[in-house]
Amino acid sequence: MQQFRRLCSSSASAAIFTPQSKLREWIRRFEQASVFEPQTSAQLIISHVFGKKMISQLSHEETLMKISAEENARIDKLCSKRLSHIPIQYIIGEWDFRNCSLKMKPPIFIPRPETESLVDLVNLELERSQKLNFRLLEVGCGSGAISLSILREHVEKQEKSTSKPSNQLLEVIAIDVNEEAVNLTKLNSSILHLSNQLTVLNSSVEKFESTRKFDAIVSNPPYIPSTEMNALQKEIINHESSLAFDGGKDGFDVIRQIISFADRSLVKDGWMWMEVDDSHPATIANILPHRYQLDQVERDLFDVERFVKLVKIR
Amino acid sequence: MLLLRMIETPLKHSTVAVSTAIRKASNQNISTKKVDTKSFGQFCQHLSRVRVRCEEQNEIYQWPKYLLHELGGDRNAALLKLSTITPRCDEYTNSLIELEQLEEIKSEDPELLQMIDEERSEMQQRMEEEREEIVDHLIQDVDLEDCEAILLEIIPGVGGLEASLFAMELFNTYNSYLFNHGYTFDPVTFVTNEAGGLQTASVMCTPGDAFRLLRHESGTHRVQRVPQTEARGRIHTSTASVAVIPKYAAKFDELKTRDIKKHFSRPSGPGGQKVNTTNSQVQLIHTPTGISVRCSETRVLGDNLQLALRELTCKVHQLQSSAIASQINSARYQHLTLRSRSDKIRTYNYPQDRITDHRFHISTRGVTSHLSGSTAFHEYMSRIDAEWNESEKREILQQLMQED
């Protein structure tokens, strides 16, 4: 009996955890709990605890090193959150979007990889524009992903170019109906040293008043038709704010509001690049007033028609 | 410009034939220096003739196949290049005539004979230098021109776990070396197994002059030692295969988007706001050739796509260029085919603490030091490069001289 007890206690105190063993443990538990992307989830959380973005950044020796009790507790705490289908980005509190590392905070909308292409499209427009002063509005900035990515690249380009004497002055205003989103965007803008370039305001696009007109508008507005909201992943339904993706009956509610805003505050010949529902490129022409033209439709990385360019022609 | 480049798997027998030839040549210690002056003189005349005829006949002139290929493949550019070389060729021919005249002088006078001797030595010396210059201008290190990046790929070969561990050591060696020499590299794929061995790795490295020394690493590396897992102290042999693929600036067309199939980890469907995914893995397949690349190095999907695309472009271009090369089958191509992945090029023997390169028969000691990517490593690779340079030039020159 004594011997048995000794064996038990010695094996308990000899329980060694390594990043590798924790990885195996939690992948198994995620799979059993039907967690979406079990392997990626475990990898991202555990590498985050060790200060890395990807598990491949831990050397082999590091994955076999004994972890401390604190590290073990932290891994278990974060991974347990994942069992309730909390999005990884909220659990680790950060995510990458294009060229920016952004802080993430529930329930503010998490940037999607598709939206990275929207930034490319806007950057192309800015490059082509002859205007020396460009005023851009982002509607529904969330964590600030779009505006900050645009600004970061703009600043980097200016730092590199020695040939252009007259650099384009880019003014970006970002608005969001959720005050928490405004705060998060301001935080991210601060971390990226872009606070001087970005003005963030708490307002819906409906109520937004601007004394000066805008040259262009960019947005990833809520666009999911209400009827489709229930079919979404648990991560989204239970944890991300529906304000960010509920687009009303046909998904066009906020888009209509943006167009109304454009009526009063977009310059003539100004453009609007928007991310939309995959059903919208085919039907958006139906809701478009004659003053606006559907100028371009672009696909995202997954080859889905995702982005529309509207131009105010009158 | 058609420029022949890297290799795929060549015909086995031609590889053997060339490697035997090189071994023979190196044993006999033939160098370009020992090329017969008369033969080289004839060669110079031949080059001058080519130039004259090409200028006379223009489009209808039929270039000697290997010569055109060596000069880059483009007729106009080749003529231009040749025109810069032929003045030297004419000088050589003239020197040869004078040398022959010198040798015809019959005299009993010892002083005169001595002067003739001295003059002859000097002339031969000058002619050797002229010959080196002509060869240098004619046969250039085209592989290195316009190389803007290299793709370094390592895969374990025979030997199970031990092979994967060795592959990892090799990977670390190249990694250290590149890092210490200020090269930047983007890992495209990096898959390890539970024991810390390497399953596969590929790295995109810039700038392209890394190719100069690393190109000789392509092939199968063999290690002979007692593995960590070996209980009875027996020596095992395992292998890892290395490929170093150059990426050339605008030599080939960019891959057509319609020829590339993209596969992502997230389920297909509407996506966008409707999906929250954190798996950013990308797989690209080039449908015409079937070449596929996978990348999950970063959290940004677009970045992984770019990395995968660069690697895919590299590999497809390599395949395309070797297809062109195999059609011409020049000495340069045959020489390059020594770099096939499956060829055993090097052995690392731990008990004897020796590294041997089988192509050039160059050995050195200090396996551990070598595998740390240190100066010993650099020196060894430099020796191999110098030797290769010599033997390649030899082969190419012989082929050009045999052409009529």
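**Close-up views of a predicted model**

**View 1. An open sheet of three strands in chain B.** In this predicted model, three strands of chain B form an open sheet with the order β6-β7-β8, and their pairing is antiparallel. The edge strands are β6 (260-264) and β8 (291-295) of chain B. Each edge strand pairs on one side only. From one strand to the next, the twist averages 15°. In general, strands of a sheet pair through backbone hydrogen bonds, either parallel or antiparallel.

**View 2. The pairing of β6 and β7 in chain B.** Strand β7 of chain B covers residues 282-286. Five bridges join β6(B) to β7(B), and the two run antiparallel. Pick out B:Lys261: its bridge partner in β7(B) is B:Ile285.

**View 3. Helix α3 of chain A from end to end.** Helix α3(A) spans residues 38-49, 12 residues in all. From its first C-alpha to its last it reaches 17 Å. That is close to the 16 Å expected at 1.5 Å a residue. After α3(A) comes A:Gly51, whose phi is positive, near 75°.

View 4. Is α3(A) mostly covered or mostly uncovered? It is mostly covered, with nine of its 12 residues buried. Among them are A:Leu44, A:Ile45, A:Ile46 and A:Val49. What do the buried residues of α3(A) pack against? Their neighbours in chain A are the helices α2 (19-32), α5 (69-83) and α6 (88-92), together with the strand β1 (94-97).

Technical notes: Residues numbered from 1 in each chain as written. Chains lettered and ligands numbered in written order. Predicted model: local features only at pLDDT ≥ 70, side-chain atom pairs only at ≥ 80, totals over all residues. Heavy atoms only, no water. Pairing = 2+ DSSP bridges. Helix = DSSP H or I, 4+ residues; strand = E, 2+ residues; numbered from the N terminus. Axes fitted to C-alpha atoms, helices over the stretch in contact; angles between N-to-C directions. Expected span 1.5 Å × (residues − 1). Buried < 20%, exposed > 50% of the residue type's maximum accessible area, 1.4 Å probe, protein only. Contact = heavy atoms within 4.5 Å.
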